[in-house]
Amino acid sequence: MEITPNQKKSFLVLRTMGSLIFIMAGLNHFIKTAGAAARLENAAFGQLATWMAPAETLIIMSGIGLLLGGFMLLLGFKTRLAAAGLLAILIPITLTVQVGSGDLGPLFKNIALIGLLIFFIVNGAMYYSIDTLLAQRKRIITIPARNNSYVTIVAVGLMVLLGSCATTQAQNAGSQVATGSTASTKYAVLISQPNHLKAAVNTAETVTKDSKFNRDTFVIMACGKSVEAFKKDGAMAAEIEKGRAAGVRYMLCGMSLKQFNINATDLVDGVEITPNGLTYMFDLKQQGFTTVEL
């Protein structure tokens, strides 16, 4: 069966649009490193990756791989190798971050992308690519590989694995709704004034005691003038310790620290700094946190 010009162009469209997803994802790994690292650390199976290296290091390394593989796929240069590399990055991301997240949309999006990459591993760039130009120069007729039974076996195995994880996750979520059980919940409170810290800590202590909340994570995000409450020997030292005893995780906005000329060495021990507190709150909300602003 002869391939028409429009069919050839459709391969180019598929490769171009598919590659842009990986390029943009790679850029986000550099632009929003802190948020992506937090998602990995808080993921249900994040420890499967973070035992190898710190979360931020893994995010930067995967960002480099996504950018390099995405551009290679876009240009159709060493397409099979690029697709295989992207697959090697995408599968761990899917298993650690998406499986168990409670949101099936991103999980099945990644499953669809895995199918896209398997297509290019099997077929190569096909048309309108650097690979085909190089092949023509060498007077080699590029024919899609036919003996790819091992690729098919691996592909089916991966799809069954991810599909079973997604199905189990959906069944667990449905059983929780049916039985009326309460899933553990993650909370984040954004404070902007030093005196807000006391109310946030009190809230953390309350939801710990009240079993209906059943919370597993509580973040206090300090922005604006509230960062002054975390200076060493400050008036809020006792409240900070009470929060720690209640399992509170303290995050401070880096921009606010610069605004009030506070160095990291001026802060009490055990607090974490994120470049932008507001975007960090956005990331927490995407991770399923219940967020409140005081």
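In which helix does isoleucine 31 lie? Isoleucine 31 is part of helix α1, in a predicted model whose local features need pLDDT of at least 70, whose side-chain atom pairs count only at pLDDT 80 or more, and whose totals for chains, interfaces and linings use all residues. Residues are numbered from 1 along each chain as its sequence is written, and side-chain values use heavy atoms, with hydrogens and water left out.

**View A. Isoleucine 31 and the nonpolar surface patch.** Isoleucine 31 counts as exposed because its relative accessibility is 63% (exposed means over 50% relative accessible area, buried under 20%, with a 1.4 Å probe and protein chains only). Together with Met24, Leu27, Phe30, Ile60 and Ile64, Ile31 makes a nonpolar surface patch of about 550 Å² (patch residues have over 30% relative accessible area and no salt bridge, and nonpolar side chains are joined within 5 Å; a salt bridge is a side-chain nitrogen of Lys or Arg within 4 Å of a carboxyl oxygen of Asp or Glu). Both α1 (5-31) and α4 (55-75) supply at least two residues of the patch, and the largest share, 4 residues, comes from α1 (helices are DSSP runs of H or I with at least four residues, strands runs of E with at least two).

**View B. The largest nonpolar core.** Among the 24 residues of this core, those touching the most other members are Ile191, Leu197, Phe218, Ile220, Phe230, Tyr250 and Leu252 (a core joins buried Ala, Val, Leu, Ile, Met, Phe, Trp, Tyr and Cys residues through side-chain atoms within 4.5 Å). At least two residues each are supplied by β1 (185-191), α9 (196-209), β2 (215-222) and β3 (248-253), with α9 giving the largest share, 5 residues.

Key. Patches are made of residues with over 30% relative accessible area and no salt bridge: like charges are joined within 9 Å, nonpolar side chains (Val, Leu, Ile, Met, Phe, Trp, Tyr) within 5 Å. Accessible areas come from the Shrake-Rupley method with a 1.4 Å probe; for residues, only the protein chains shown count as cover.
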